[in-house]
Protein chains: 2
Amino acid sequence: MVTKIVSNPPDTSNLGEIQAEVVHITEPLELLSGQRLLDHVLCVETYGQLNKNKSNAVLICHALTGSHHAAGWHAGDKKPGWWDSIIGPGKSIDTEQFFVVSPSNIGTCHGSTGPLSINPKTNSAWGPNFPKLHISDWTASQRMLMDHYKIKCWAAVVGGSLGGMQAMHWSVAYPSRLLSAIVIASAMKLSAQNIAFNEIARRAIKEDPDFLKGYYHENKKKPLKGLALARMIGHVTYLSDLSMAEKFGRELRNGDFLDEKSESVEFKIESYLNYQGDKFAYEFDANSYILLTKMLDYFDLALEYNNEPSTAFELASCKFLVLTFSSDWRFPPERSREITKALITAGRDVTHAEISSSQGHDAFLLPNSRYQKIFSTFLQRIASNVNY
Amino acid sequence: MVTKIVSNPPDTSNLGEIQAEVVHITEPLELLSGQRLLDHVLCVETYGQLNKNKSNAVLICHALTGSHHAAGWHAGDKKPGWWDSIIGPGKSIDTEQFFVVSPSNIGTCHGSTGPLSINPKTNSAWGPNFPKLHISDWTASQRMLMDHYKIKCWAAVVGGSLGGMQAMHWSVAYPSRLLSAIVIASAMKLSAQNIAFNEIARRAIKEDPDFLKGYYHENKKKPLKGLALARMIGHVTYLSDLSMAEKFGRELRNGDFLDEKSESVEFKIESYLNYQGDKFAYEFDANSYILLTKMLDYFDLALEYNNEPSTAFELASCKFLVLTFSSDWRFPPERSREITKALITAGRDVTHAEISSSQGHDAFLLPNSRYQKIFSTFLQRIASNVNY
């Protein structure tokens with residue numbers, strides 16, 4: 001094999017137009033809740049080519065509101081997939097070397113089996129009755145997807161935030177089936193503050209009169225207002241105080257304090273947030289949002305291991321890259337240091353980097369040369385161990 | 001006079017039962033918005049005795065959801081006023097030395113003129129049509145209250161958060177009428193992040209179907225759900241991640257992930273927040289909440305001074321005490337350092353202290369020995385300058 005050294009990924013590198021495929025998993029999936037999905041479908045995008053030995057595959061684990069559309073362009077779209085700055089030819093996850101597999105996980109609302117799908121037992125949409133999910137259900141489903149592609153071992157399992165939780169879980173649950181785990185802006189469990197923000201978001205959705213206890217779909221309603229509020233709360237916590245100050249400051253979008261029509265006075269940050277909330281509400285499903293925030297809340301890597309994370313990581317055998325961003329206060333650097341500390345205690349091979357950034361939690365989705373370089377360098381090391 | 005040295009305020013010191021008085025201000029109040037209140041009433045509590053020279057008065061400026069009931073007990077109440085740990089015999093604001101004046105400001109909902117009051121022009125409640133207010137309207141009303149008590153000069157004007165903004169404004173707007181300003185956990189202007197949280201809270205209220213564009217009162221409704229959400233958002237931002245972790249951790253109040261009835265699973269932080277939100281919604285008025293959060297958003301001490309805070313503080317002549325708490329991320333220590341830096345540039349006499357605390361923004365309301373001691377010491381220095 002040839003190890004390609006990427007120093008400055010060309011801005012023009014892109015994957016072009018991408019189409020998702022729908023993978024039907026016929027193996028029954030036993031969920032942690034005790035319920036079972038007899039079969040399920042996963043919407044998946046893949047980028048790059050699987051090599052002859054099927055040894056160059058990278059699994060992308062999306063975060064709370066992510067989807068299979070991680071990179072490249074869909075026809076007619078104004079922007080590329082959510083991680084296009086990271087995935088593509090010559091980029092950190094170099095599609096000229098790796099075969100990248102990016103599914104929408106079950107429970108989401110982008111085509112994979114979830115609350116919007118038909119429950120075969122009732123012949124109507126699952127809605128609020130979709131089974132409660134745990135991170136381990138996602139990794140089990142991803143493991144089935146792996147078999148679908150006849151991949152024996154991932155070169156890397158990669159994810160930020162909720163995605164990082166999946167990468168950690170992979171390392172412990174299926175240690176022989178990944179060479180590396182890349183855990184970005186994540187935590188081994190949420191703090192009470194994080195749970196609190198999620199609970200407020202859920203309450204905003206549930207109290208929207210159009211939520212109808214989750215049966216909005218069959219009543220041709222959508223809790224748009226609640227979902228918009230939920231997104232606004234999330235959005236503020238994904239940005240840093242500094243990044244908001246840099247982007248919006250205290251500039252007024254319109255109006256003036258002395259203007260009598262008080263409602264017309266608005267700071268730019270207000271109109272931006274309202275716009276983001278409304279846009280999201282049209283695109284996302286409320287039952288999914290509730291389900292997915294609960295998955296975040298309930299994940300606790302060490303819970304089954306006597307609350308000792310290093311005991312969990314003793315089961316792992318892959319290499320780890322742990323990345324965190326200085327201004328991320330939702331998943332702060334301290335949470336990543338705890339991960340690395342547990343990995344070291346467990347005797348694991350770990351590379352840890354705290355990236356200086358003013359972008360808050362969102363930094364993991366945004367271009368940042370040091371971030372991209374550390375990411376590339378780590379994956380180049382993995383690539384050099386891959387049997388081509 | 002005798003300067004009393006208070007080192008360990010006795011826990012038993014309290015003011016006993018307190019009754020509020022209603023002060024009718026007959027002087028017209030010209031508001032910054034251009035509107036005018038022909039007269040207005042202020043609910044006021046006072047503690048201690050005004051001395052013969054009327055030189056020992058301290059003005060308490062309440063924060064967003066505060067009221068005149070700052071200390072002592074109301075008959076039948078389960079807890080004392082919101083700053084009872086600070087105000088009382090032998091406490092930091094020692095009622096054996098000072099005459100403490102604590103009004104509910106206009107626009108609030110505890111008896112002073114506000115959205116729940118009758119608009120004399122329409123003979124019905126002001127509701128959403130109550131005039132837009134600015135911090136300067138509050139200080140102007142407080143200045144009239146000062147005249148009511150025939151006080152020429154406050155020994156101190158004191159407040160935390162929104163209250164600190166009032167104290168700063170007093171120092172600039174009426175420099176000859178206060179000996180000292182105590183500015184706690186405050187800022188010269190809100191950040192975009194703070195405005196964002198306020199806007200989400202307002203949107204939560206406005207989208208409650210019972211808000212009825214603010215005309216809920218005459219329709220015998222109350223936007224309880226929206227107001228509860230608004231409070232929950234505020235509440236999380238007033239606590240620190242650490243204090244929530246210490247208080248609630250990830251303990252479950254009831255349920256278990258493997259319990260099929262998913263709705264029954266609840267972290268303690270969730271039930272606590274839901275309880276706090278619901279309780280507040282019954283006690284507070286939605287139009288007031290919108291009005292008051294806008295006051296926070298629009299305050300900008302230096303706006304009229306070419307955005308140069310030191311130019312504003314050049315107008316001041318009092319002594320300053322600036323206090324901030326290490327874990328306060330809503331009004332972080334950096335904001336207080338900016339205040340002190342501007343005061344120093346303006347050549348003012350300022351004492352600055354950052355108090356180590358895990359309690360977040362709420363720390364200014366809670367007992368903390370270093371906080372209480374610095375507060376006491378500063379006010380003892382002021383007392384020694386007071387002409388008894």
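pLDDT is the predictor's confidence in each residue, from 0 to 100, and I begin with it since what I am showing you this morning is a predicted model. On that scale chain A averages 93, and 94% of the residues score at least 70. The exception I would like you to keep in mind is the stretch covering residues 1-11 of chain A, where the pLDDT is below 50, and which, beyond near neighbours in sequence, has 13 contacts in the model. For the complex, the predictor gives an ipTM of 0.90 together with a pTM of 0.92.

Let me turn to how chain A is organised. The chain is divided into domain 1, made of 21-189 + 301-383, and domain 2, which is 194-293. The C-alpha centres of these two domains of chain A lie 26 Å apart, and where they meet, 22 residues of domain 1 are in contact with 20 residues of domain 2. On the domain 1 side of that meeting, the residues divide into 9 nonpolar, 11 polar and 2 charged.

Now to the contact between the chains, in which 40 residues of chain A are in contact with 40 residues of chain B. Which elements of chain A give two or more residues to the side that touches chain B? They are helices H3 (192-206), H4 (224-238), H5 (241-247), H6 (268-283) and H7 (286-298) of chain A, and of these H3(A) gives the most, with 9 residues. By class, this side of chain A has 20 nonpolar, 8 polar and 12 charged residues.

As for the symmetry, a rotation of 180 degrees, with 0.0 Å of shift along its axis, superposes chain A on chain B at an RMSD of 0.0 Å, and that is the relation of a two-fold axis. Of the interface residues of chain A, 100% are also interface residues in chain B, so the copies meet through the same surface.

I will finish with one local detail, this time in chain B. Strand E15 (residues 319-325) and strand E16 (residues 350-355) of chain B run parallel and are joined by 6 bridges, with B:Thr324 standing opposite B:Glu354 in E16(B). Between E15(B) and E16(B) the chain crosses through helix H9 (residues 333-345) of chain B, and this β-α-β crossover is right-handed.

Terms used
Residues numbered from 1 in each chain as written. Chains lettered and ligands numbered in written order. Predicted model: local features only at pLDDT ≥ 70, side-chain atom pairs only at ≥ 80, totals over all residues. Domains from an automatic or database assignment. Contact = placed C-beta atoms within 7 Å. Nonpolar A, V, L, I, M, F, W, Y, C, P; charged D, E, K, R; others polar. Helix = DSSP H or I, 4+ residues; strand = E, 2+ residues; numbered from the N terminus. Pairing = 2+ DSSP bridges. Right-handed = clockwise from strand over helix to strand, strands pointing away. Least-squares fit on C-alpha atoms with pLDDT ≥ 70 in both.
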